[in-house]
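Visitor: Please show me the model and take me through the terms used for it.
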Amino acid sequence: MLQTLANIFRIPELRSKILFTIGMLLLFRMGTHVTIPGINSVKVTSITADPSEGFIGMVDLFAGGALLKFSIFALGIMPYISSSIIMQLVMVLFPQLQKMQKEGEEGRKKIQQYTKYGTLLLCAVQSLAVIQLANSWSIGAGNSPAKYPGLINPSVSSYFLPLAMLSITTGTVLLIWLGEQITERGIGNGISLIIFAGIIGRMPEAIIAMFTSDTSDALSVLILLLIFVLLIALTVVLTQGVRRVPLNYGKQMVGRKMVQARSQSIPFKVNSANVMPIIFASSLILFPQTIVQWLSSSGGQWAGWAVVMDFFNPFSQIWYRSLFYFVIYTSLIIFFAYFYTAIQFNPQELADNLKKYGGFIPGVRPGTQTKEMIEKILNRITLPGALFLAGLALAPYLIIKFLNLGTNSGGGTLVYTFGGTSLLIMVGVALETLKQIEAQLLMRNYEGFMKKTKIKGRS
């Protein structure tokens, strides 16, 4: 491994790409500590992650901890990801956009431009939510006392709204630009690496909170760390798992000879939807919790609704309420796994393309039977993949609840830092970046990371 790392820095082009990527990620981490103008930076240092702030905790995870610091990167890259997901869903409904995407580079640029316009719109809406959060924590909401009084400096209260909206929106646009620069001039996918750096950046805080907690003992911490190592290994298995469907092609004329085309295969990933089902399910299940929490904090007739929040709390002391959360969460993950797979794969189009180029699955007629066969394979591998994905997503909650670590901030921070979403993102981005680095090494006749074998999936 040390020899491989030395080889990386012997190649000038690869060395410059890696150093550029590290520099951009360090710039991102520095920006997470630059607060919005008008926010009291001294008060921000006393804010800690609260497991009860479900939706806030998830957004703060993708922002690398910048949301609870009320940084210029408070929204992170989430508006861009949300806009990309919305654009994918819209493209299913509007054939004109699908046609535009198939027009080549110019069409993809147009789609990318629309995605960025959607990002600006989402930034404007979501920045208002961040400002409302800062206001409620600074001066209180309804009859509730302020959690962090004086968080907003009184001297800027009159023009804090437009200034904060502009700062947060500009911060997200800057992050998109940094991600594009990493993709173009660095190594790996820039947007994914920014999310990866944000999650990794929260690890020291989570580990320190876990070790310094009053409710955690040495044995529980050791068991927790060992189980998380096992979860990482299982995440690698899920990420790399594929079902290969063999393909044959008819004979082709090459010169004056009839030559049998080389047999190939179609790789169908067991988890083709990747982390999207967890993101969709988490957002959907945390949305009612956030609404009820906001209504109950205002007092009055909504105060009694606070008990509803307990049904959306995985750490509830009443077992059937926790069970309700786990069942709903698992069902949503399975549903969105099928939903997102259906959006990504069009069996009819794939079957038509195979028929057009003379390819066929052995023992299956081209056309309708091929389409039905592909649908059958996708349905079969999606269910175990979705169940495996749900297990990874729920494992940290169950472990922390069983070890009684969810009643402190350390346990809550660990859920978001080492949860199924985080693990899938970290493992997926790390593997993809390693593949690119190894491809660069092998292209220049250097040994890769694995001398006895190859990183699975490397082309």
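The talk below goes from the whole chain to single residues and pairs.

Guide: This is a predicted model, where local features need pLDDT of at least 70, side-chain atom pairs count only at pLDDT 80 or more, and totals for chains, interfaces and linings use all residues. Residues are numbered from 1 along each chain as its sequence is written, and side-chain values use heavy atoms, with hydrogens and water left out.

Visitor: How many helices and strands does the protein chain have, and what counts as one?
Guide: The protein chain has 17 helices and five strands. Both are DSSP runs, numbered from the N terminus: helices are H or I with at least four residues, strands are E with at least two.

Visitor: How much of the protein chain is buried?
Guide: Buried residues make up 47% of its 459 residues. Buried means under 20% relative accessible area, exposed means over 50%, and partly exposed lies in between (1.4 Å probe, protein chains only). The protein chain exposes about 23700 Å², and carbon and sulfur atoms supply 65% of that area. Accessible areas come from the Shrake-Rupley method with a 1.4 Å probe; for residues, only the protein chains shown count as cover.

Visitor: What share of the contacts joins residues 24 or more positions apart?
Guide: Among contacts with a separation of 6 or more, 71% join residues 24 or more positions apart. Contact means heavy atoms within 4.5 Å.

Visitor: Why are helix 2 and helix 8 called roughly antiparallel?
Guide: Two packed helices are described by the angle between their axes and the distance between the axes. Helix 2 and helix 8 (residues 160–185) pack at an angle of about 170°, with axes 9 Å apart. Axes are lines fitted to C-alpha atoms, for helices over the stretch in contact, and angles run from 0 to 180 degrees between N-to-C directions. Under 35 degrees counts as roughly parallel, over 145 as roughly antiparallel, 65 to 115 as roughly perpendicular, and the rest as oblique. The two helices are therefore roughly antiparallel.

Visitor: Which residues make that contact?
Guide: Helix 2 gives Lys17, Phe20, Thr21, Met24, Leu25, Leu27 and Phe28; helix 8 gives Leu175, Leu178, Gln181, Ile182 and Arg185.

Visitor: What makes Lys17 and Glu13 a salt bridge?
Guide: A salt bridge is a side-chain nitrogen of Lys or Arg within 4 Å of a carboxyl oxygen of Asp or Glu. Lys17 and Glu13 meet at 3.8 Å, N to O, so the pair qualifies. They are four residues apart in helix 2, which means about one helical turn. Lys17 is buried at 19% relative accessible area, while Glu13 is partly exposed at 43%.

Visitor: How many salt bridges does the structure hold?
Guide: It holds three. Another one joins Glu180 and Lys116, with the closest N and O atoms 2.6 Å apart. Glu180 lies in helix 8 and Lys116 in helix 7 (residues 105–139), so this pair ties together parts that are 64 residues apart in sequence. Glu180 is partly exposed at 29%, and Lys116 is partly exposed at 30%. Lys371 also bridges Glu375, with a closest N and O separation of 3.7 Å. Lys371 and Glu375 are four residues apart in helix 15 (residues 368–402), so about one helical turn separates them.

Visitor: What makes the nonpolar surface patch a patch?
Guide: Patches are made of residues with over 30% relative accessible area and no salt bridge; like charges are joined within 9 Å, nonpolar side chains (Val, Leu, Ile, Met, Phe, Trp, Tyr) within 5 Å. Phe9, Leu19, Ile22 and Leu26 make this one, about 380 Å². Ile22 sits in helix 2 (residues 12–31). At 41% relative accessibility, Ile22 counts as partly exposed.

Visitor: Why is Phe70 called buried?
Guide: Its relative accessible area is 0%, so Phe70 is buried. Phe70 is in the loop between helix 4 (54–62) and helix 5 (78–93). Its phi is near 50°, a positive value in a residue other than glycine. Most residues other than glycine have a negative phi.

Visitor: Which residues does Phe160 touch?
Guide: Not counting residues up to four places away in sequence, Phe160 touches Ile36, Pro37, Gly38, Ile39, Ile131 and Ile152. Phe160 is found in helix 8 and is buried at 4%. Phe160 and Gly38 are 122 residues apart in sequence and 6.5 Å apart in space, C-alpha to C-alpha.
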